[in-house]
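Hi everyone, thanks for coming.

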Amino acid sequence: MDPLVIDIAVLVLAGFVGFAVISKVPNTLHTPLMSGTNAIHGIVVLGGLLLMAESSGILEKVLLVIAVAFGTINVIGGFLVTDRMLEMFKAKDPPKADETPPEGDGS
Amino acid sequence: MSALGTVFLQTANFIDAAYIVAFGLMIYGMSGLTGPRTAVRGNQIAAAGMAVAVIATLLRKGEFHGSGTVWLILAGLVIGTAVGVPAARNVKMTAMPQMVALFNGVGGGAVALIAWVEYRHHFGGDWPLRAEGFELFGAIVGSISFWGSAVAFAKLQEILPGRPIKLAGQALINLVLLIVAVASAVALASGTHSQGLFILGILVASAALGLMVVLPIGGADMPVVISLLNACTGLSAAATGLALSNPVMIVAGMIVGASGSILTDQMAKAMNRSVPSIIAGGFGGAVAAPTGATETGGTVRSTSAADVAIQLSYARQVVIAPGYGMAVAQAQHAVRELERALEAKGVTVKYAIHPVAGRMPGHMNVLLAEADVPYDLLREMDDINPEFSRTDVTLVIGANDVTNPAAKNEPGSPIYGMPILEVDRSGSVIVLKRSMASGFAGIDNPLFYEPKTALLFGDAKTSVSEITAEVQAL
């Protein structure tokens, strides 16, 4: 099969996975979700890495270094910020559903 | 075994396998983000997936022969880390939305730059038309996303005014820019020789388009715009993935594109607006028909912390409706203390969370969670609205547009139809405000002029602390 057809099939399936996974997110988690998905599109950094090997000339190299730096900021910054937001949800979770764990909360 | 072993050790197969592991982890991690208890781990799993993808790519030994390449890659990664880590660590919770806009923008910028390099690189070569098409899509959308996010950042950071900035013939200018960008793309794809010129034409026209599209959008719509740009960057990343035939980029980009679209749609719906009408520009434009805005200019009643404390202490049920003002004043801890003081007096306290209160959906939840407010006290709009009629006092802390009854009563109002917190149905309303300035959308709020409403002017944090002290002294 034409590789392009396979790629597009993957694209379409990924779209449905995205819809399926995300439509279940409660309002409360919208900000972290936006931030988390934001980090994931930092995947473009791979494009910068892959092209670096083929690049020639100063301009291309400079552009790619910037592109890799941008992508890295997107990925690392995105995941860290999301983590910071989520830690706060975690800290105050105990009163939720599970009524068992007194995890070292020795009061 | 040896044959199998060799197959497995062949770098290409190893990378393919690692890529599948990588996007598997990302999808699994994202599904973890759907629940508060799995979210932290979900984010970490997604990050691990990203790490696998990057490391696997770097392991394509054969392709990184020149040592210069290694150093350049390292330089990019180090610069990115050096900028990204401190930015993410130090950003204040109130500045989160700007930060997300910024991180989104650089992602779009990376897509645009990659497209540019691809173009230069394949100059006159045997580049399949379809790869070219995807790359051109990436160039246009990535560039729009970068510059659009920059404007969104500047508006939220108040470098640019939050009000809509509009030019005459805006729609026409946007259309022309879009045509220039697409025409340049078509010219390129059909094999024009001055490639350098046309790729720059694409990038510049899209950049201008990004600026033009976001500038006329008022601050109240900014969360929707950031979400939309987030989805766009995702799609452009997927397009780059198609051009490079890289499965992880296709999957990760597309998932973001899909989820971002849903989120954008949900947010627009929460404001009873359609995405196209937001893009068409202008929320709360100065000339918006003022039909029936009669209460405007009426008198307001101001009150004191002591009075508020008495009202609150003798109430059976108090609802706190926080907004951007609470975020700005960093008043969430003070609010939590007030809640505790009131609970100690036997008052039932609930929080009313409007989906777009603050600058992003969930903004209030994040801040209140930081102050250890229990989950079950936070009520979403649809749950709390029926409760207002049974509420003695509603305390509005720095929220304005999301409580504006004009959205229900005045068909001429620019926010008419937006679902609001119906605070005006409670026994009395106390609004904590810094001044009589109107909200981010620039619309006057008739709530303030109602006889049952009292205003307490001052910094939200100071005011709340004063009220708490008075409550405790009673």
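**A walk across the sheet**

Let's start with a pair of neighbours: strand β2 of chain B, residues 348–353, runs parallel to β3(B), and three bridges join them. Strands here are DSSP runs of E with at least two residues, helices are runs of H or I with at least four, both numbered from the N terminus, and two strands count as paired if DSSP finds at least two bridges between them. One bridge links A352(B) to R379(B) of β3(B).

A quick word on the source: this is a predicted model, where local features need pLDDT of at least 70, side-chain atom pairs need 80 or more, and totals for chains, interfaces and linings use all residues. Residues are numbered from 1 along each chain as its sequence is written, while chains are lettered from A and ligands numbered from 1 in the order in which they are written.

Now, in what order do the six strands of the open sheet in chain B come? The order is β3-β2-β1-β4-β5-β6, with parallel pairing. At the edges sit β3 (378–380) and β6 (453–457) of chain B, each pairing on one side only.

Next, helix α15 of chain B, residues 363–370, packs on the sheet and touches β1, β2 and β3 of chain B; contact means C-beta atoms, placed from the backbone, within 7 Å.

Between α15 and β3 of chain B there is a loop, and D372(B) lies in it.

Definitions and conventions. Contact = placed C-beta atoms within 7 Å. Axes fitted to C-alpha atoms, helices over the stretch in contact; angles between N-to-C directions.
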